[in-house]
Amino acid sequence: MAKYLYKLGEWASQKSRQVLFGWIAILIVAAIGVGSVGITFNDDMSIPGTKAEKAMDVMNKEFPHGESGGQIKLIFKAPEGQTLESSSTHQKIQDTLDLVLNDKAVESIANPYQAGTISKNKEIGYATITYKVSADKVTDASKDKIKGIAKIAEKNGVQTEIGGTVAFSHVKIGGTSELVGIVIAFGILVFTFASFLAAGLPIITAIIGLGIGAMGILISSNFFSVQATSLSLASMIGLAVGIDYALFIISRHRQQLAQGLSVRESIARATATAGSAVVFAGLTVIVALCGLSVVGIPFLTSMGLSAAFTVLIVMLVSITLVPALLGMFGHRLSPKPKKQVDSKKSLVVKKNKDSNKWGRFVTRYPVQIVLVCLIVTGIISSPVLHMELGLPDNGMKSKETIERRAYDSMAEGFGDGINGPLVVVLDGSKSPNTQVSFTKVAKELSDLPNVSSVSPPTPNQSGKFAMVTVLPKTGPNDSKTKDLVNDIREKEINVNKDKKVKLMVTGSTAVNIDISDKLSEALPQFAALIVIFALLLLLVVFRSILVPIKAVLGFLMTLIATLGFSVFVLQDGHFINFFGIPEAGPLLNFMPVLTTGILFGLAMDYEVFLVSRMREDFTHLRDANKSILSSLKHSGPVVTAAGLIMISVFASFIFAEDSTIKATGLSMAFGVLFDAFVVRMTLVPAVMTLLGKSAWYLPKWLDKSLPTIDVEGESITNHIEDNIDKKVRKY
């Protein structure tokens, strides 16, 4: 591969303008494509085959004329000192609802006075407005009318909030988060390169690659089921790795220019060496992200494939456009010559030319450092023992949003359970007396713990099926609500035996609970798959048994520490105000699996960039300690800069409005921070020091049977140097 990359880098530097205009043309075509076909996101996060989904299918089949139209709830709160039954308040609400009828898109209105949707204290009630079209088809014009009507009611003295199945807030695509990440990354690059020009190139190439990847995702949303969060996730990863991959190639190029290589030769070699590592690292991230499809959960597969596609694009941009821009700017990217130092300082520099202070510190106290790392990991990871999973509901949104205000108003008037009702489908097709059985079952359901109320059974047209709405006392993400779902399912065994009635629980709350359980079951399997893949991959790369084991254990430390930190902040609520998290709640149910896939790819990136240098130096020097010092001296600064850039990009998404994106950005930022600086830059060299030469032990029979992968392209460098030596001897 290194030979092909050498030729590719050489060609790109010669055809720099064509390569640049080619990528820009692709970006423009992709943008035109998005403008032509539009964007069609599908934010459905269901998992086919779960109990709640099966119950939903039965309900849709047996109750085909159910609530298919989108619904908006107008929630009214009486002025202080009055109730909704006060004559003046009653008249104001009636006048408000009369205005709603002016919208021809409205199918029906359930008046709170007629439907009985008024709280016990008569202070809060809601009207249900049903539209002729589904929730996602309700037009912006209809939404604007409702918001205008609500403002009129507010002016008349009746507090009015808007809830229901029709969404008023949407995930914003792009914007502040990416801009903040780019600005911080640029600052880090300026400090690293001491050059505004060199610092700007990774930003430019990453933006072009990310733009093409994002456009591709937007176009694909018209043909596949793609969530809006998939684009945000792809933006996080694509921007971070795009900058990092360009950083690695440019750093190698500048080092070689400082050694006296010509511009074109340096570009070709940098593409062959650092480019090989970039391709390997990129493919590792892509495999990890595509591996999410193994879990068998559609929306997680969509997220993984979207991010993998973006990583592929930025990787291709890195090994083609970066060399082209390097050739275009020539010697202007050469590092400035270092200032002369006095004789005493020169002796110190010469003595420490292959090491730095951090390397000498880590290799001097390896036992103590390993113990500290393990203790720190244990402390940070401890909250994972009480981790809870769920999907964010409107109660976890900012109090400034329409959905959150409606959620709080409904909870105030009717209890927390009103925001997470459970729909129980009763199948009495085998019962001799269905109506009597349905009534008895509803009574038994009302006797279960944590039940606030149970609606009378509503039979379908055949009379063989009925629906019952169960309101829990607790909210949709409360663990007691999950216990109630399990209690209903356990009760089904006795009810089916005694009354010949099957119970099936569904509704958004039950669906989310089943999704969380399914993802919890998938995590160990996916983690095991990742671990096995990592062991085999690193065994081939590093030609060692102990190094892959050490790398995988380090990855597992990063994973549990990241989950522990996420639980500590997002679930337990510590520092949520500092991070701008609106409300504490259970972790995103797909976060553990997603974190496993993403962090594995990124952790292996840093492992390869750092430890491959150790292996290279050990091969030449046969001195384990010197190879560790050399790696921390030469590869350490680049890994440090890359880690800081990736942290800044992920952390910038904490500024996003959507709670899902906020939580993901925060967790990923901490994961990279922990893996890059605690595991790779600290624990790994300490463990390698303790292992010494044994770290590189591999039985000869196994060495012969393994394929050879040159991740840093050293073979091409050696080949070029041998040719130069032959030419010198010839003349």
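## Ser381 and its contacts

Setting aside neighbours within four places in sequence, Ser381 is in contact (heavy atoms within 4.5 Å) with Ile560, Ala561 and Gly564. This is a predicted model, where local features need pLDDT of at least 70, side-chain atom pairs count only at pLDDT 80 or more, and totals for chains, interfaces and linings use all residues. Residues are numbered from 1 along each chain as its sequence is written, and side-chain values use heavy atoms, with hydrogens and water left out.

Ser381 sits in helix α14; helices (H or I, at least four residues) and strands (E, at least two) are DSSP runs, numbered from the N terminus. The side chain of Ser381 reaches the backbone oxygen of Thr377 at 2.6 Å and the backbone nitrogen of Ala561 at 3.3 Å. With a relative accessible area of 5%, Ser381 is buried (buried is under 20%, exposed over 50%, partly exposed in between, with a 1.4 Å probe and protein chains only).

## A nonpolar patch

Helix α14 (residues 366-381) also supplies the largest share of a nonpolar patch, five residues. On the surface, Val367, Leu371, Leu374, Ile375, Ile379 and Leu690 make up this patch. Leu690 belongs to helix α24 (residues 659-691) and is partly exposed, at 47% relative accessible area.

## Over to Ser453

Ser453 lies in strand β7 (residues 451-454). Its relative accessibility is 31%, so Ser453 counts as partly exposed. Beyond neighbours within four places in sequence, Ser453 is in contact with Thr469, Val470 and Leu471. Ser453 and Gly507 are 54 residues apart along the chain, and their C-alpha atoms are separated by 16 Å.

Methods: Patch = residues over 30% accessible without salt bridge, like charges linked within 9 Å, V, L, I, M, F, W, Y side chains within 5 Å. Areas by Shrake-Rupley, 256 points an atom, 1.4 Å probe, with all protein chains shown as cover. Salt bridge = Lys/Arg side-chain N within 4 Å of Asp/Glu carboxyl O. Polar contact = N/O pair within 3.5 Å; in protein donor to acceptor, adjacent residues only side chain to side chain.
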